[in-house]
Amino acid sequence: MKPLGPIPAGFTALDGELAIGGRKATDLAVEAGPTPLFVYSRAMLRSRVAALRAAMPARLGINYAIKANPYAPVLEFMAGLVDGFDVASAGELAKLGEVGIDPARVSFAGPGKRDEELESAISAGCTINLESEGEARRALAIAERLGVQPRLAIRVNPSFELRGSGMKMGGGAKQFGIDEERVPALAREIIAAGAEWRGLHIFTGSQALDAEAIIETQANVLALADRLAGEIGTILPKLNMGGGFGIPYFNGDTPLDIGAVGAALAERFAGLPERLSATELCIELGRYLVGEAGVYLTRVIDRKVSHGQTFLITDGGLHHQLAASGNFGTVVRRNYPLAIATRFDAAPEEEVNVVGCLCTPLDRLADQAYLPHADVGDLVAVFCAGAYGATASPAEFLGHGPARQILA
Ligand SMILES: *Cc1c(COP(=O)(O)O)cnc(C)c1O
């Protein structure tokens with residue numbers, strides 16, 4: 001037997017079934033159409049942002065990094081909850097435009113921005129987080145040609161990183177940001193060229209569950225921003241402090257203590273150096289905001305035994321849930337939180353392997369999991385599916401097509 005990850009708090013049983021947003025899994029599956037489907041809970045999105053706001057200093061803006069989940073109804077809903085949005089492509093910027101989100105609330109980071117992407121972002125008035133000197137010069141030239149003042153910030157590649165983070169995106173040689181010692185000269189250059197100076201972006205990593213690591217990193221980020229502002233020689237209008245708040249996916253993971261992070265940040269904010277006293281401060285989060293609010297529902301199509309092991313074969317799989325299959329940035333495969341949605345309050349009684357319908361042995365949703373008995377027709381729920389699910393999985397692989405999505 002192998003343990004399953006912890007089911008996020010807030011899911012309950014209704015008539016023996018998993019309920020999401022107060023509605024039974026089978027009803028949601030009927031409404032959305034054929035399985036598999038992703039269900040995102042409005043109530044959980046709302047309470048997650050509310051809890052975060054309650055824990056963080058009021059001065060701290062909260063941005064949503066939409067690559068975690070760019071489903072249009074989710075974006076629309078988040079627009080009423082968060083302060084800003086972070087995108088990583090012109091395609092993502094267009095998605096925000098389609099649901100009527102003001103580009104002035106958006107910043108655009110990411111390496112390899114094409115000229116057409118810079119052009120659409122500059123003409124829309126979104127802030128560009130510059131990733132290199134070359135990109136800065138292209139952005140300035142494009143703005144001049146368009147006859148507009150571009151809003152430019154610099155993404156810093158700091159010399160430190162977020163300890164214990166799942167995916168390191170700062171420190172050492174990186175394709176992200178500009179090495180910290182080269183930032184002041186570039187900032188002075190873009191200010192002298194007449195750009196609207198929008199400050200610094202310092203993102204150091206992802207998926208951290210250790211509050212102490214985040215506290216330490218945030219202190220380092222504030223100190224670095226202060227030092228760079230001094231070297232640049234102007235006030236810093238804005239500092240995007242990055243994010244990295246993680247969620248528990250695996251057995252033994254414990255939730256991040258946001259109370260501790262918020263308290264430490266409030267102390268820092270109370271004693272900010274002069275140069276940061278008027279700076280607009282924000283964090284940018286993806287999975288922390290949306291990850292636990294999403295559930296992937298897939299139906300058992302077949303049940304079979306091979307060499308003494310039972311397999312539940314579902315109509316879903318890694319083409320929608322690459323991360324749960326263990327093939328998205330994981331070294332050792334471990335089970336995500338998973339349940340039989342149609343027998344949510346039943347006691348576990350058998351060890352099974354839950355797999356997808358793709359013709360590859362990589363397509364596994366749970367290995368040797370101890371679960372209630374499930375038959376053909378039952379629904380399986382994979383939790384923590386609200387982030388890096390639908391759009392971070394190879395939906396075209398093997399031709400089954402994308403999963404439906406629904407905001408409940
Ligand atoms: C991916 C990304 C995020 C979001 O990361 P999460 O782990 O989902 O919070 C935030 N900022 C930047 C720059 C990113 O690339």
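This is a predicted model: local features need pLDDT of at least 70, side-chain atom pairs count only at pLDDT 80 or more; totals for chains, interfaces and linings use all residues.
**Domains.** I first looked up how the protein chain is divided, and found domain 1 made of residues 12-40 and 292-407, with domain 2 covering residues 70-285. I then took the centres of the two domains over their C-alpha atoms, and they are separated by 34 Å. To the contact, domain 1 gives eleven residues and domain 2 gives nine.

**Interface.** I noted that domain 1 and domain 2 bury about 1,100 Å² between them, and that carbon and sulfur atoms account for 69% of this area. On the domain 1 side, I found that Glu292, Arg334 and Leu407 lose the most area to domain 2, together making up 38% of what that side buries. I looked for salt bridges across the interface and the rule finds zero, while my check of polar contacts between domain 1 and domain 2 gave one residue pair, with both residues at pLDDT 80 or more. Strand S22, residues 404-407, gives the most to the side of domain 1 that touches domain 2, contributing three residues. I sorted the residues of that side by type and recorded six nonpolar, three polar and two charged.

**Ligand.** I counted twelve residues around the ligand, and listed Lys67, Ser206, Gly286, Arg287 and Tyr388 as the closest. For oxygen atoms of the ligand, I noted a polar side-chain atom of Ser206 at 2.5 Å and a backbone N or O atom of Gly286 at 2.9 Å. For a nitrogen atom of the ligand, I recorded an N or O atom in the side chain of Glu284 at 3.1 Å.

Conventions
Residues are numbered from 1 along each chain as its sequence is written. Side-chain values use heavy atoms; hydrogens and water are left out. Domain bounds come from an automatic or database domain assignment. Contact means heavy atoms within 4.5 Å. Buried area is the accessible area (1.4 Å probe) that two parts lose on being put together, summed over both. A salt bridge is a side-chain nitrogen of Lys or Arg within 4 Å of a carboxyl oxygen of Asp or Glu. A polar contact is a pair of N or O atoms within 3.5 Å; within protein, one must be able to donate a hydrogen and the other to accept it, and residues adjacent in sequence count only if both atoms are side-chain atoms. Helices (H or I, at least four residues) and strands (E, at least two) are DSSP runs, numbered from the N terminus. Ala, Val, Leu, Ile, Met, Phe, Trp, Tyr, Cys and Pro count as nonpolar, Asp, Glu, Lys and Arg as charged, and the others, Gly among them, as polar. A residue is near a molecule or strand if one of its heavy atoms lies within 4 Å of it.
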